[in-house]
Amino acid sequence: MTRRHRNYTIEFKQKAIELSYSRGNVSEVCKELDIPTSVLHRWRRESKTYGKNSFPGHGKPKQTDEQREIATLKRQLKDMELERDIPVLSMSKY
């Protein structure tokens with residue numbers, strides 16, 4: 001029997017991770033929450049790697065705090081370079 005794809009909230013994922021660490025038994029928690037053990041193991045691994053950025057949702061990439069800051073700075077630099085390179089139109093001609 002195949003399971004259908006289910007969407008879980010960020011809060012549910014975080015609570016499931018906390019519960020699995022406090023109880024120390026992943027398979028028991030999975031049975032109670034009706035989730036596959038592979039899913040909970042993946043959530044735990046992602047939580048350990050990315051911390052609070054583990055579950056960005058909506059197809060956004062998972063990033064560490066440093067990666068997120070670098071991406072923000074790159075966007076700001078690109079915007080500033082674009083501003084600098086656009087010629088300023090003189091209002092005196094009009």
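Predicted model: local features only at pLDDT ≥ 70, side-chain atom pairs only at ≥ 80, totals over all residues.
Which residue takes a positive phi just after H2? Aspartate 34 does, at about 55°.

**Figure 1. The chain as a whole is built from 4 helices and 0 strands.** Of its 94 residues, 18% count as buried. The chain exposes about 8,100 Å², and carbon and sulfur atoms supply 54% of that area. Among contacts between residues at least 6 apart in sequence, 35% join residues at least 24 apart.

**Figure 2. Helices H1 and H3 cross at roughly 95°.** Two packed helices are described by the angle between their axes and the distance between the axes. Here, H1 covers residues 10-23 and H3 covers residues 37-50, and their axes come within 10 Å. An angle of 65 to 115 degrees counts as roughly perpendicular, and H1 and H3 are therefore roughly perpendicular to each other. On the H1 side, the contact is made by Phe12, Lys13, Ala16, Ile17, Ser20 and Tyr21. H3 contributes Leu40, Trp43, Arg44, Ser47 and Lys48. Sorted by class, this contact of H1 with H3 has 6 nonpolar, 2 polar and 3 charged residues.

**Figure 3. Helix H2 has buried residues at Val26, Val29 and Cys30.** Looking down the axis of H2, you will find its buried residues within an arc of 100°, so they line one face of the helix. An α-helix has 3.6 residues a turn, so residues three or four places apart point the same way. What covers the buried residues of H2 includes H1 and H3.

**Figure 4. Aspartate 34 sits in the loop between helix H2 (26-33) and H3.** Most residues other than glycine have a negative phi. Aspartate 34, however, is a residue other than glycine with a positive phi, near 55°. With a relative accessible area of 41%, aspartate 34 is partly exposed.

**Figure 5. Histidine 41 belongs to helix H3.** Is this residue buried, partly exposed or exposed? Histidine 41 counts as partly exposed, because its relative accessibility is 41% and partly exposed lies between the cut-offs of under 20% for buried and over 50% for exposed.

Notes: Residues numbered from 1 in each chain as written. Heavy atoms only, no water. Axes fitted to C-alpha atoms, helices over the stretch in contact; angles between N-to-C directions. Helix = DSSP H or I, 4+ residues; strand = E, 2+ residues; numbered from the N terminus. Parallel < 35°, antiparallel > 145°, perpendicular 65-115°, else oblique. Contact = heavy atoms within 4.5 Å. Nonpolar A, V, L, I, M, F, W, Y, C, P; charged D, E, K, R; others polar. Buried < 20%, exposed > 50% of the residue type's maximum accessible area, 1.4 Å probe, protein only. Arc of directions from axis to C-beta. Areas by Shrake-Rupley, 256 points an atom, 1.4 Å probe, with all protein chains shown as cover.
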